[in-house]
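Welcome! Please take a moment with the sequence and the 3D view, and then let us walk through some of the features together.

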Amino acid sequence: MRIPTATYRLQFNPAFGFADAEKILPYLAELGISDLYASPIFAARSGSTHGYDVVDPNQINPELGSSLAFEQLLRTAQQHRLGWLQDIVPNHMAYDSRNAMLMDVLANGPDSEFLEFFDIEWEHPYDDIKGKVLAPMLGDFYGQCLERGEIQLSYDEAGLTVNYYSLRIPLRMESYSSFIKHDLGRLNRALGRQHPDFIKLLGVLYLLRSLATETSGRQHRDQSAFVKGILWELYRDNPEIKAFIDKNIQIFNGEPGKPESFDLLDELLNDQWFRLAFWKVGAEELNYRRFFTVNELISMRVEDRKVFQRTHELITDLVAQGRFTGLRIDHVDGLYDPAQYLQRLREAVGDTYILVEKILETDEALPQDWPIQGTSGYDALIYLNTLFCQPAHQDRFSAIYARFNDFTAPYHQLVIEKKRLIAEKNLAGDVDNLARLLKRIAGRHRSGRDFTLNGLKRAISEVLVLFPIYRTYITEAGVSDRDRAYVQDVMGQARREIPQLVNELNLIERLLLLEYDESLGEDEKKDWLRFALKIQQFSGPLMAKGIEDTFFYVYNRFVSLNEVGGAPDCFGFDLRVFHAFNQQRQETWPHAMTASSTHDTKRSEDVRSRLNVLSEIPDRWEAVVTAWSELNRAHKGYVSGLAAPDDNDEYFLYQTLVGAYPLMEAEYPAFVQRIKDYVIKAVREAKVHTAWLRPDSDYEAGFLQFIDQILDPTPDNAFLQDLREFQQMVSFYGLFNSLSQVLLKATMPGVPDFYQGTELWDLSLVDPDNRRPVDFEQRLELLRDLKTAVKKDLPGLLETLLAQRWDGRIKLFLVHQVLQARQQWSALFQDGSYVPLAVAGARSPNVVAFGRRLGDQCAIAVVPRFVTELVPPDCDPLAETVWQDTHLVLPEGFPRTWKNALTQEAIAGSGTLAIADALRQFPVALLVGAEA
């Protein structure tokens, strides 16, 4: 198995394709990257900027380049000895016209070859979608879209399709009869009943009748293709038939302003295997499983072996060829049975590096029986970030937050409230489907026949909103002690919350714990198991949408902590917790990924590093934020008596401005627009005053006007002047946090990942802001200049980098130097034990240090934190006067002499090692035993 030394995440899209990636491979190799970490590269929706909306998992996305360009990229990667870690999407595909498998289902219904591929409930109790697939893709109510002429019929060689803008869905063959028979006398008069082509057309109608009653499965599909071919030949070769069909298309498409003219098309659409609907319908009535709340992503039944095999053909082939050397599994918790999927994948790809995207709570462990190398790194990210949040000031920040906006809702109550909001609004249809399944199960037993659908729905919702983790992993094999404890704890809470539904809760608990009645038959047991697995599939999306995409935009006490996988109520970790996490990781998942910025993070690593400085200076922060509020009060607008923005959103904005304010003033105009785009997304995600489902344009406009006024770059803008002064001070200290985080990420257990562009300062916000183009030519030029300067005059370069830290070269230098060290001592950093190091002396709380040890090889990472306590602004924390007597206490057997792999200095350390010696020339240190 190839274990990466360091990965580099690239976001492929039509503007950055294979040829673009090939150009930067020499740069990545020079930087010290061992493996390219690629976003999904399979055929996706047209214009996809992320690749997760796959339409064909067995085709490389042609919008990223030709097959020759892909082959050339692979060859160049191998020439530079770069591995390829590929992000794959097994859980869902795009609900899109280019998704041939889905379109086959919509056209052929139960006769489709791919009927079992998608997670569709065909026997839905609602008559209008029973036996159909909901297609909630319309921008308005169906009737209005129809009568405006936005839904149109068309015909070509592929057959009859209904079109709504870019959506194009084929019609079922049986429904062609009503279209062809409409005013057939017109064609009879034009051709004559004895005309051979008219007779052929009558034959088509006969075949269509037999198609509906006498064929099924493959025979149905073959005969449909045959009939479709005949009809196209008639259309192509006979002008009268072409004119007839074209006229019928015109007639069926109706005339806006004449509602009755759309009756024919409406009747035709009612005879399909799908039902077009307003996109908002999908929140409450749905008969297919989505990815989270995204209608355009339909989930797959990859638990079916044939579905797994069909959707993984190209992936496994590229692994077998050695093209892909690792796989990253997207949204593993969305799978019906993650352990089963991972075992099948392991069997298919053999000894290949596998990671999963998995969110773990801070007290939650990754299942030990999963045949993988670990997670994609959000767990490590949280520990890295929170290490730089000053826990001593938690109460001060709570008080500041409460005084600023009178926000008094208890934390955990707000968490439950936001999860309940999602369950009742955005995912109501999913909860309904679970409740109906549960009612069918309950109705088979006399003790459950009186359970109402509403009661079961409420009981299910209560259980789900109380769950403290993304999901449990109960399977046919049984219930682990871990999962049993979670279920029993949640059920106890639920019974206290809704005691009137205790019987319903008791049933849910028995189902989840698979406590089968002795009298149950095999089919009934399968239904119990199906409910248990289905509810687990649902708990993850509810957690993600309720916490990450709602709560994190509402609870704004300290937004640096509002990160994917984070716990905003945990205001900083004790250093011992950080060390314990790393020790456990080295023992259990030593080759998991260590991330700091990703394509999904709410804020980049450098934004969080800057914001974490605020945790050190609560008094200064309270003073400025109070002053800013007073300065800007006059700029607030009012919508129905409500301030826009309200105090909570304003507090969120000030933190965002401090965290993301650009280092270069030339970037300011673009920054203002980025902030405006960002706050609209943020307030819609918060779902307090506006939302994606119900946008409030007045509130949003008021907020945007507020931003325009407070960020007006005129000289008399007192707020902007004060913001610039304050953020410059915060930025100074934030850069040290960033450097510390880089070194820790690259030396703690795990494989460090670098998100594209973050080797220089990167002040990005949530997507799409973090997917802006990266200037790789600039980075390559800077790297080569740095490498030359290292050889020519390293001490002089270090002085220059510190003096000109704002340009980002200091971070690039650190990334390069530490990655060179990882390559040189790869076994030490991959397999070496993790040794927490004791720090003594006056500044011991300001130092994080640990060792890595493998045989005779030893390395030590030393970084500062809480730098505002050490030096005033514009002074580097390097002098002996800063560190005084602070020193490391080295364990028995550690070397006596060391070399700083970053600065090449020799350092003596017999039993102890002075921090002032380690940090004499650079803000962080990586010491390698001289004997190593």
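Let us begin with helix H6 (residues 184-191) and helix H9 (residues 239-252), whose axes come within 10 Å and cross at roughly 160°. H6 is therefore roughly antiparallel to H9, and their crossing is right-handed. On the H6 side, Leu 184, Arg 186, Leu 187, Ala 190 and Leu 191 take part in the contact, and they meet Glu 240, Ile 241, Phe 244, Lys 247, Asn 248 and Ile 251 of H9. Sorted by class, the contact of H6 with H9 has 7 nonpolar, 1 polar and 3 charged residues.

H9 also packs with helix H8 (residues 217-237), at an angle of about 110° and with the axes 5 Å apart. H8 and H9 are therefore roughly perpendicular to each other. Leu 231, Leu 234, Tyr 235 and Asp 237 of H8 make this contact with Pro 239, Ile 241, Lys 242, Ile 245 and Asp 246 of H9. By class, the contact of H8 with H9 has 6 nonpolar, no polar and 3 charged residues.

## How to read these terms

This is a predicted model, in which local features need pLDDT of at least 70 and side-chain atom pairs count only at pLDDT 80 or more, while totals for chains, interfaces and linings use all residues. Residues are numbered from 1 along each chain as its sequence is written, and side-chain values use heavy atoms, with hydrogens and water left out.

Helices (H or I, at least four residues) and strands (E, at least two) are DSSP runs numbered from the N terminus. Axes are lines fitted to C-alpha atoms, for helices over the stretch in contact, and angles run from 0 to 180 degrees between N-to-C directions. Angles under 35 degrees count as roughly parallel, over 145 as roughly antiparallel, 65 to 115 as roughly perpendicular and the rest as oblique. A crossing is right-handed if the near helix is turned clockwise from the far one by less than a right angle, and left-handed if anticlockwise. Contact means heavy atoms within 4.5 Å. Ala, Val, Leu, Ile, Met, Phe, Trp, Tyr, Cys and Pro count as nonpolar, Asp, Glu, Lys and Arg as charged, and the others, Gly among them, as polar.

## The parallel sheet

Next comes an open sheet of 8 strands with parallel pairing, in the order S16-S15-S14-S5-S2-S1-S20-S17; two strands pair if DSSP finds at least two bridges between them. Strand S16 (374-375) and S17 stand at the edges with a single partner strand each, so one side of each has no neighbour in the sheet.

Is strand S20 (residues 751-755) mostly covered or mostly open? S20 is mostly covered, with 5 of its 5 residues buried (buried means under 20% relative accessible area, exposed over 50%, partly exposed in between, with a 1.4 Å probe and protein chains only). Val 751, Asp 753 and Tyr 755 lie on one side of S20, and Pro 752 and Phe 754 on the other. Strand S1 (residues 7-10) runs parallel to S20 and is joined to it by 3 bridges, with Tyr 8 partnered by Phe 754. Strand S17 (residues 593-594), also parallel to S20, is joined to it by 2 bridges, and Thr 594 has Pro 752 as its bridge partner.

Elsewhere in the sheet, strand S14 (residues 326-329) and strand S15 (residues 353-356) pair in the parallel sense over 4 bridges, with Ile 329 opposite Val 356. Helix H13 (residues 338-349) lies across strand S5 (83-88), S14 and S15, and runs at about 165° to S14.

Strand S9 (residues 159-164) and strand S10 (residues 167-170) pair in the antiparallel sense over 4 bridges. Their hairpin has 2 residues between the strands, and Tyr 165 there takes a positive phi near 55°.

Another open sheet has 3 strands in the order S22-S25-S28, with antiparallel pairing. Its edge strands are strand S22 (838-840) and strand S28 (912-914).

A cis peptide bond joins Ala 644 and Pro 645, with omega about 5°. The peptide bond from Asp 767 to Pro 768 is cis as well, with omega near 10°. Ser 640 is not a glycine, although it has a positive phi of about 55°; Ser 640 is exposed, with a relative accessible area of 80%.
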